[in-house]
Every structure is written in structure tokens, then in C-alpha cells.
There are 2 protein chains.
Amino acid sequence: MGVTVSLVLNIERGQSQSTLQNQLYVQIRESILSGTFRHEMPLPSSRRLAEDLGISRNTVVLAYERLFDEGYLQTQAGVGTFVTKSLPERCITVDVPPNKARERIAPVVLKRPRLAFRGQRLQFAEKGAGRPSIDFWYGSSNRRHFPLKAWRKLLVDNLSRTSTNLSDYGSPAGNLELRQALAERLGATRGIRAAADQVIITAGAQEGMNLISRLLIEPGVRVAVEDPCYGGAARAFESYGAAIVPIPVDNEGIDIAALEIEPAVLAYVTPSHQFPTGVTLSLERRQRLLKWATTEGAYIVEDDYDSDFRYDGPPLMALAGLDRSDCVIYLGTFSKSIGAGLRLGFLVVPEHLVDSIVAIKSLMNYGHPWLDQIVVAEFIKSGGYERHIRGIRRLYRDARDALLSALKRYFGEQYISGKYSGMHLMWSLPPSLAPANKFAETALAHDVGVYPIDAVGAVDFGGVWKANGIVLGYSSLSANQIEVGIKRLADAYSGRTSRRRAR
Amino acid sequence: MGVTVSLVLNIERGQSQSTLQNQLYVQIRESILSGTFRHEMPLPSSRRLAEDLGISRNTVVLAYERLFDEGYLQTQAGVGTFVTKSLPERCITVDVPPNKARERIAPVVLKRPRLAFRGQRLQFAEKGAGRPSIDFWYGSSNRRHFPLKAWRKLLVDNLSRTSTNLSDYGSPAGNLELRQALAERLGATRGIRAAADQVIITAGAQEGMNLISRLLIEPGVRVAVEDPCYGGAARAFESYGAAIVPIPVDNEGIDIAALEIEPAVLAYVTPSHQFPTGVTLSLERRQRLLKWATTEGAYIVEDDYDSDFRYDGPPLMALAGLDRSDCVIYLGTFSKSIGAGLRLGFLVVPEHLVDSIVAIKSLMNYGHPWLDQIVVAEFIKSGGYERHIRGIRRLYRDARDALLSALKRYFGEQYISGKYSGMHLMWSLPPSLAPANKFAETALAHDVGVYPIDAVGAVDFGGVWKANGIVLGYSSLSANQIEVGIKRLADAYSGRTSRRRAR
């Protein structure tokens, strides 16, 4: 330890611990930087130095720790503490305060590689503070209807029983129990015959779009989408270089005749409840769409986002259930039926695509939280999920009825699409109320949220829908809120046309 | 209801309910398909038909439901039940049993679009049944050390208090509370100065690789990686079309001199504990790497996967902490410190890349389970996380000590790298024990799992490591298990060299 004599320290005692510690830190660092203190030199033990300097050992330990943290010191087990090996002076980063650092680098224009990404950020208003008191936002499940009791029990039970699974990596394709439960449920409710291995668990439908994009899209590949289209789909495909081919939607869904003359390798559709218009793809068109895909050798992506909520009319069999040539990739989500905060969805892919999709998924991420997956699997298997769906379906239907009734009472007959199912409908405003963005502004001024189709993330390629289309989500509102909200809109407009003056 | 007389049904009574129901279903469907029963014709109510046929109403309801599910029937609210509108006969999918269906489509060779994806599936052995009783698998946290009590409390508390957040979409970049907690922690423990908005929550580090790939990689772009390299990184970059440039690793980490003569837009490194060799990148090389990136205008991806576990020597400041030209993208994960089943990690990106990364993330998925994020945030903020880390660090260090001691006792001096930190070390087998794959096979025959570097998902481009390198993970084993495991290996080899014969 004789060598440590060369460490000349000049500590002013009687200072606060942090000041002493800082003096020590600065002086040792300077000794290292000046070369006084070199690699082969061991530091005195903290006990010894504290004694030598007549300061508390803790002060020395803390100063040493900082020097460790900053890479000046290292220990060799059982031997001692040393200056870090081969630490050249020029290597030491001068500790500049953040604002100084920024000044210092500001004038340096660094050359940077060109960014490969040229997509657009998906923008949609997030729920939260600053939203109107009555908010016809779309696609939110009702907070009060979250199956809290069942969830808590399943979480706690599974955490206690098998928390060990939280320590390990699982299959990137998802928990097998959940995949099996889903395969069975989809057979029963959507007519889809799929083995568990065809079901791939995703972080919601959006991740599914990415898996499909990576599977099929190369720059320039033509992808047919509905016009208007769910933006999350169109923007994702576009970001992988797809050439988007918008196909018009009418009141029977996507126009297959238009699709038939537009070659594409992929068609993205929302047959149960077209987004955002809400129309249902007719059975005839479903069959024709499948025939198109079979003839063209194309794939169909069926986004079945809110098919659990059908109030009137037949729940038409999913395209994936009608498919006999393995051309449909089915997208499902728990964001509508349980909650978007859960971030779970799934793909059902034809058997010949399973290996490729699992390969992509294994590169994309290693799957989803184990606990959430097992909770959902057990919720389904126990029958709790089906009961939950039935319960909220009733509530949503009541909310829909309240909305249709209020619209009729306050505005008379209106053109409404998408009312037979889902969590929203679309109101095509008459000329006296259009344009939609103006209408939404007026509504907001009366503390009511209603949304033009671009505000809910729909892309209107032809520009024919956004002028009049207003999306009204009703699934998170009570009948009373709906009544008050629609009345406020009516009052706002009756005030304007001076029949009655708003106070 | 007179029209319904044309529905001629021939039901054999006295059968089981399901048989009656099936007769009814088949006959009504045939009436529809044959055109006897057309759209304008209303069906009798289930009550009426049940009475007419003298069967239970439930039987009729179930048969109707199946016809609904398959799209043959629809209801018109308040009017009645009808055959689905415009249902052309040719549209009806014949219900073929699954095996028949497969036969039927087998001979039809469909043309399909060329798959865009040409990457490789990430393969690594999943933990589970069939693994040896003593398994030196790498990177698994110890199941017994999962912070179960704290977790259960945080889960239940947060679920009850604010379960409503489970109903809504959150920011794709992650929960702000968690991002803030991480920004603070990274400042204190890794010297990284970052604002909360620079922290992006990911589904583990692997998703981070994908975000970075989409940001920077176009086909042909050169990406430098360590050789040997973590396969999850190399395979992900490759799958986006990167030209991989392997740069050799020696006992100070990646060879910067070799990197300096190989232009690349991105260098992927694991400076704290190189994967799989475990070597630490020296401070001198860290500085030189940063200088290279600044001069080249390149980015560095710093994968700091197990930096929470450093047992000896200085925890060298992260590259992201030394970076003064905003060229380091930092990857972190909770898979090692809490558990891989949690599937949470994070990126810290330079400020000028935040918008682009968030845009990519918004297209990739809408973020991660809200509940898990808030639990981790509160775990960090409460100090529980830090205590947990300290606790397991002690346990892992003890396990490492046990492993080093057993290796020395049973095999004498060996070349071991990566022992100062992390959850695994690498043993370079001497010629008497090599090759590594043979050694692993012998170990397995004695119910001990040890892993050549390719078995743990490392890619050995130059082919110099895999012959001798054996990865030994110790974090999920007790000192006793480690002792027994290494002894079994020694016994196996002493038996072979006939000093002692294995029974």
C-alpha cells in the first residue's frame, strides 16, 4: 500500500458530507487524468483512507462509487481497487451540464444516414382529460362494464399458482391454451374451422397488419382497401411500400365489380361492420370476393373487429368460415370485447402460411405477457367471456336504441348506416347540417364530441364521405348521456336557425 | 302466415333433441337451396312451428340459430324472420367435413403471390418439459425470485383503483409514468440523460430491434454486428434486407479498428456483457466507437440486456451516457430483471429520432398492456425494483461464485469469459473437452444442459467460437444444483478417459 502515498489529497474537513465527498471525487479524478495515478496503482481501502483523512468511511465509499460508476476505477476480486486499465486521457468525457452540452453540439451538423422509414404516424385523439363531457368517441368499451371481479380473481389465482411462467420466454405465437380456446370459440361463433396452431396471438389487430405486411408486401405490391378505409390498415400497408388501391364502398359493402378490374395481391376488408360506414358485406358479395381471391391468387384480410356485437339480422358467417381455398387471413381483437388496455388480438391464418407468420412473429417480438394470455384463456374456457359478451351486447344494443331514438326525435328521419351491429354508427349529415367538420366543431362548443370520419382514423381516398359522415360511438355512454348529447346538438342547431335561441 | 304452409317439413318425432334439431336444420336449408323457400317468405315463429310439429320450442330455436349463423336467415325487427335477401344458390357453400374439404382442394394448385418475407425464424429451445434436471440455460431469471408479493399487491391495487384504463387505448409510446420512472432510473444507474419522451416502451428488446430496423434499414444498408452476435439482432436486421458486416470480438469487446475500415450506417453492440462471450467493452473502445459513429455519421445500437447484474469492477457508463453527438440508441429490457413472461422492454432514442420512432411504433401496434406498465412504474417508483435488483444480484453472484469454484475444482484452470457480470458466462473448452456440440451431447446424456453458442441463439459468422464455446447460465440454479451439475460433467469425462467408469 506504500504506493498510495503518491495520492496527494487536500481535503478541507468540517464540511458537509456531500461537499467532502465531492472534493474527494474531484481530486482523485484529477490525479487519474493527470497521470499521477496510473493503472498499476492500487487505491487505499475506504477504511484506511477515511482514517488517514479523518473523515467518515461512508464519504469515501460514496466518492469511490461515483468514480466506479464513471469508469475511472475497477476492482480485482480479492486484490484491491485500481485505476481502470488503459484509460487514456483523451477518452475522458468532460462532464458538461446538459444545456452546455447542447450548445456545444448545436453547431456541429452531423451527417446522418437517410432514414428508411417514410410512413405516416397514426394519429387519433387519445381519450383523456380535455375531452367533452358527452363523448360519442368510437370503439371504446364501457369502463363500467369491464369484468373487474372475474379479472381480479383470474389474475390473482393464476399469478399465485403459476407465476413461475412469468420468468420464462414463451412461444412467440402465443400461449397454446389461449390459441386452443380461440380456435374452438371461432368455430362455434364465426364458423371458422381452424386448428390451434393457425391462431397466432398478437398485440392487437394492428400488429396483425404488420405481420401480414411483412409476409406479403414488397415495395410496389398492390393492396386493395375499402374506400373509406380504416387508417391503421391503409397506413401500415403503405409504410411497407404497398401501392394502395382504394375500392369504393356502397351500402352492401366493398364494390366487388370494381375490385375485379383492379389486380391486387391483397384485399383488406371489414365485412361484418365496415369501418367507418358500418355497412355489412352482403352474402353474395362475400362469395364473389372469395371467388375473386381464388381466381386472382390473392389473399383477403378480414378484419372482424367488432363482430361480437350484432343486434339484428343474421351474423353472417365470417369470410374465413366460407373460405375453401385458404385465401383468408382473419384478424380479431379483444380491444372491443374486453378492453383496449389489454392489448391482445389474434390472427387466424391458412395452414400453408403458419410457418412463415410464426417466423416473422419470432423476429418481431417474443410474444405477449404470459399472465394476460392465461387470464383470457381461462375467461373463455370458463364461459365467463361468453356471458360477458352477452351482457355488454344487451347494454350496447340499448345504447344504440337510445341513440337511434334520440336522433329521430330531435332530427327526424336521417340517413344512418351501420346500426345493426358494432359500437358505432355513421350518420350522413343532410345539407342543412353539413359539412361534418363544422358540425363537429359546433358540437364541441356545446361540450359534445362527435367525429368526422378522418378524426376516427378513417382514410377517405375518394373524398366523398368526409364532407357528411359523422361517426357516433355509443358503447361507452348511458341512455341518459346519449339523450342529453343529441338534445344539445339539436339545441345548437335550432338556436342557429333562430327557431329557439341558445341561452 | 299462410305462406309458411309451403314449408313442408317431415320430422320424425321421438328422437333426441339434437337429432330433431338437425332434421329441421337440414330440411329448411334444403327448402331454401331448392328455391321453395324464397326471400319474401317469412318463417313461422319458433313457438308456432314447435306447436305445429309437436316438438320443443328450444329445438326450433337452435335450428333457427344455426341457419342464422350460416347466413341463410335474417330477421327484420318487429316484422319477422326471412330467408336472407339475394341468396343465390351458387353462393351456398356446401358443408364438407374437414378431411373431405382438404381432399377436394388438394389437387387445385392455386397461384399465390410471392411471399415478401425471406427472413429466418428465430429458433431457440423453449424452457419446459423434457429439459435436463440441471439446466445451465441462459438468461432466465430465477423463478423463485420473482417478486410475487409485491407484484400481487400492485396488480390488485391498480386493477381496483383504475381498471378503467383497461378500456382505452393508451399512447403507443407507452405509459408516461413508466417512461418518467425509467428516465430517472437510467440517469442514476447508467449515466444516461434522457427526457421521458425519449423513452419508448416496447414488447421487449426484440421489438426495439424492429423499430430500429424500420427506421434505418433499407435493402442493402450495411449493419455492423459483433461476431459472434446475438441472433435476435442479426436475424432481425437481415430480415429487413440489411447487409450484415460481422466485426470480430476479442477480450476487450468488438474490435473497433476492424469496424473503422468497414463503412456501416449502424453498429449493434452489447458493451456491458457481450453476447455470448460475456466480455466487457473497454472504456477506451467505447470512446473510439462513439468517435467512429460521429465521424461516419452512423448510429450505434447499445443492447444493455443484463447490465443490472455487475458483480465486480466498475459498471462502466453506458455508451448512451457517454454519447455527446446523439448517435446512440439504447435498448433495455425487464426480461432479465423481473421476468421474460412480462414482455416489457424499452428504447432510449436521441431526441431527433423521437418523432420517427413514435410514428413507426404507432403503426406497429398501439402499445402495451396498461396494467403491466403501471405495475412496473410503481414498482420502480416505490424503490421495490431497486431492492429486488439488489437482492437477486447477490443471489446471482453467489451462483456465479459457486459455478466458478466448481469449474475450478473439477476441471482445474479453464478459460472463462464474461464472469464479471450478467447471468451467464462462456467457457472456452480445452482441446481435451472440445468440440462444444459433442460436450453438450455428453452433458445431456448425464441429464445436464450446457449450450454451444449456436444453441443459445448466437450467430458465429467467422466460425471460430462455436467449436469451443459453451454458455453456462447460472441465474436460475442453486449453488447445490451447480455443484451437482459440474460434478456430473466431470464424472462423465473422467469415465470416458477411463480414470473412473460411469456406471
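I call a residue buried when its relative accessible area is under 20%, exposed when over 50%, and partly exposed in between (1.4 Å probe, protein chains only). I worked on a predicted model, where local features need pLDDT of at least 70, side-chain atom pairs count only at pLDDT 80 or more, and totals for chains, interfaces and linings use all residues. Residues are numbered from 1 along each chain as its sequence is written, chains are lettered from A in the order in which they are written, and side-chain values use heavy atoms, without hydrogens and water.

Entry 1, chain B. I looked up B:Tyr451 and found it buried, at 11% relative accessible area. B:Trp137 is buried too, at 5%. I paired rings of Phe, Tyr and Trp (its six-membered ring) if their centres lie within 6.5 Å; planes under 30 degrees apart are stacked, over 60 edge-to-face, the rest tilted. I counted 32 aromatic pairs over all chains.

The ring centres of A:Trp427 and A:Phe439 are 5.4 Å apart and the planes stand at 85°, so I noted the pair as edge-to-face. I found both A:Trp427 and A:Phe439 buried.

I required NZ of Lys or CZ of Arg within 6 Å of the ring centre and within 35 degrees of the ring normal. The charged end of A:Arg214 sits over the ring of B:Tyr240, 3.6 Å from its centre. The charged end of B:Arg214 sits over the ring of A:Tyr240, at 3.7 Å from the centre.
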